[in-house]
Amino acid sequence: MKRRNAIKLLGAGASLLLANGTLGNENPANLANENATNKTPESIENSKANIAIMGAGLGGISLAAKLKRDLPNASISLFDADETFYYQPGFTLIGIGIYDKNDVIFEKAKYIPEGVKWVHSNVAKILPEENALVIENGEKVAYDYLVIASGVEYEFGSIEGLSASMVEDSSSNISSIYTLKGALKTNELMSDFAKNGGKAIFYDQKTAMKCSGANKKMLSMTEDRLRRAGNRQKGEVALYCGGGKLFGNPVYAASMGAIFTKRDIAFNLRHELIKIDGNTAIFKHWTPYKKNGETHKIEDFIEVKFDFLHLSPKQIGSKIIKEAGLSSGEQGFLAVEKERLVSIKFKNIFGIGDICDFPAGKTGASIRKMYPLLSQNIIRSIRGEELLKGFDGYTACPFVTKYGKAIMVEFNWEGTASSLPCFGEVRESYLSWLIKLYGFKPMVMNGMLKGLV
Ligand SMILES: Cc1cc2nc3c(=O)[nH]c(=O)nc-3n(C[C@H](O)[C@H](O)[C@H](O)COP(=O)(O)OP(=O)(O)OC[C@H]3O[C@@H](n4cnc5c(N)ncnc54)[C@H](O)[C@@H]3O)c2cc1C
């Protein structure tokens with residue numbers, strides 16, 4: 001066996017291990033499955049429930065595939081106008097020059113489960129009181145159950161002087177791996193920086209982000225690329241965070257901080273990027289202080305010149321959800337009971353994936369925990385049974401630190417949640433790098449999208 005194939009096999013094996021660790025015997029959805037089928041299998045087999053899923057991305061398709069197995073006679077429809085499925089974790093590998101665009105673009109049609117209807121239109125409106133939605137041509141479609149799986153929208157324009165096109169075209173030295181073109185541009189800018197040096201800065205939003213480590217991955221890989229090119233002394237690399245923490249989970253925040261310090265990567269907290277003016281980034285910086293027991297803050301403005309800027313965009317939910325009265329705030333994220341994934345207002349509306357209104361849990365790995373639970377909760381709802389509390393905020397994202405090394409970042413709302421504790425939760429390892437490179441994609445494309453893992 002060739003070395004490359006052996007490595008792929010090892011990575012795939014490790015990802016299966018991860019799949020077992022996180023969807024193993026303690027998963028409440030699996031327990032529910034047993035209970036559900038033992039009780040009244042016929043009623044579920046015959047259920048003709050009409051289930052609409054808004055969004056055919058990772059969450060929507062994985063759930064549709066699982067539902068089709070669990071409820072073979074149900075009428076399941078996926079609504080989405082986008083014909084392409086993007087393997088988004090691969091954008092990171094494009095940014096660091098390992099993947100090209102053909103590794104992440106897939107024809108959605110090939111992944112729509114058999115027996116599931118795909119309506120090639122976006123949802124324009126939700127009418128929760130009428131159990132109906134309206135698609136783009138104005139047609140009204142009734143549902144018994146609605147699952148919202150429409151992901152996040154980006155607001156690059158929330159920063160003055162920045163637009164979505166600027167991170168993708170050649171008019172600037174600014175990029176973002178959050179879009180495909182932005183990821184391709186990142187690789188070019190990173191490569192130029194490794195040759196020429198200068199000042200590279202990286203910006204993390206203070207608001208909820210999917211794969212919240214994505215920008216920091218570009219930061220550490222840029223530093224590594226510069227070092228490998230023999231030009232470390234020619235370049236300065238720094239991180240600016242809009243919020244007051246380096247990372248949501250304190251254990252991983254500490255290990256990231258230690259890595260950055262060791263590699264002379266400056267990180268600056270409480271720096272909100274408010275404006276870009278040519279090659280200058282303007283941050284609103286705030287320092288909290290206490291006076292008479294009350295917290296106050298001093299604000300000042302800091303200008304930083306850059307030769308390369310990489311950033312994560314502000315991410316919001318959907319105005320459709322807000323207009324339907326289903327969101328928890330102005331940003332249009334779906335308000336759900338976070339452990340049950342059901343709308344706090346309507347018992348026949350559920351949420352899956354990035355659109356849910358909790359800050360952590362915006363990764364594909366979170367969806368792997370959500371979709372079996374959601375299938376079981378829809379079944380329970382059909383039977384009039386109490387819904388399971390099964391989601392714990394599980395989030396996973398391999399934090400690539402240098403070429404050949406990654407930390408398998410895994411946590412939930414309680415703390416760290418390592419599937420491979422024997423390797424050390426915060427240790428950089430070659431195995432975690434292999435899992436990112438070779439393990440995750442087959443698990444997503446051949447496992448999750450078929451409702452299998
Ligand atoms: C750069 C990057 C790196 C990442 N790295 C990792 C990683 O290492 N590990 C990991 O687990 N996760 C990672 N992720 C996160 C992961 O890809 C997402 O969490 C996951 O794709 C979210 O799935 P979703 O179904 O919620 O949304 P999406 O997959 O984004 O799908 C949403 C779908 O809804 C559709 N839609 C939108 N509006 C409407 C509407 N009105 N009507 C109908 N359809 C609509 C869209 O067209 C889209 O097809 C990464 C993401 C990015 C961007």
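Predicted model: local features only at pLDDT ≥ 70, side-chain atom pairs only at ≥ 80, totals over all residues.
Select helix α4 and helix α10 (residues 364-383): their axes come within 9 Å and cross at roughly 40°. Axes here are lines fitted to C-alpha atoms, for helices over the stretch in contact, and angles run from 0 to 180 degrees between N-to-C directions. Helices (H or I, at least four residues) and strands (E, at least two) are DSSP runs, numbered from the N terminus.

Residues are numbered from 1 along each chain as its sequence is written, and side-chain values use heavy atoms, with hydrogens and water left out.

**Stop 1: the α4 and α10 contact**

Show the side chains. From α4, the contact residues are Leu58, Gly59, Ser62, Leu63, Lys66, Leu67 and Asp70. From α10, they include Ile367, Tyr371, Pro372 and Leu374. Contact means heavy atoms within 4.5 Å. By class, the contact of α4 with α10 has nine nonpolar, five polar and two charged residues. Ala, Val, Leu, Ile, Met, Phe, Trp, Tyr, Cys and Pro count as nonpolar, Asp, Glu, Lys and Arg as charged, and the others, Gly among them, as polar.

**Stop 2: serine 62**

Now pick serine 62, in helix α4 (residues 58-70). Serine 62 counts as buried because its relative accessibility is 0% (buried is under 20% relative accessible area, exposed over 50%, partly exposed in between; 1.4 Å probe, protein chains only). A polar atom of its side chain lies 2.6 Å from the backbone oxygen of leucine 58. Leaving out residues up to four places away in sequence, serine 62 touches Tyr371, Met448, Leu449 and Gly451.

**Stop 3: α6 and α7**

Go to helix α6 (residues 180-196) and helix α7 (residues 214-228). They pack at an angle of about 40°, with axes 8 Å apart. This crossing of α6 and α7 is right-handed. On α6, select Thr186, Asn187, Met190, Ser191, Phe193 and Ala194; on α7, select Met218, Met221, Thr222, Arg225 and Leu226. The residues of this contact divide into six nonpolar, four polar and one charged.

**Stop 4: the three-stranded sheet**

Next, colour β15, β16 and β17. These three strands form an open sheet in that order, with antiparallel pairing. Two strands pair if DSSP finds at least two bridges between them. The edges are β15 (271-277) and β17 (294-305), each pairing on one side only. From one strand to the next, the twist averages 25°. Strand β16 (residues 280-291) pairs with β17 over 12 bridges. Find histidine 285: aspartate 300 in β17 stands opposite.

**Stop 5: the five-stranded sheet**

Select the parallel sheet, an open one of five strands in the order β11-β18-β12-β13-β14. β11 (174-175) and β14 (266-268) each have a single partner strand, so one side of each is left without a neighbour in the sheet. β11 and strand β18 (residues 308-311) pair over two bridges. Serine 175 stands opposite histidine 310 in β18.

**Last stop: zoom out**

The protein has 11 helices and 24 strands. Of its 453 residues, 57% count as buried. Among contacts with a separation of 6 or more, 66% join residues 24 or more positions apart.

Notes
Left-handed = near helix turned anticlockwise from the far one by under 90°. Polar contact = N/O pair within 3.5 Å; in protein donor to acceptor, adjacent residues only side chain to side chain.
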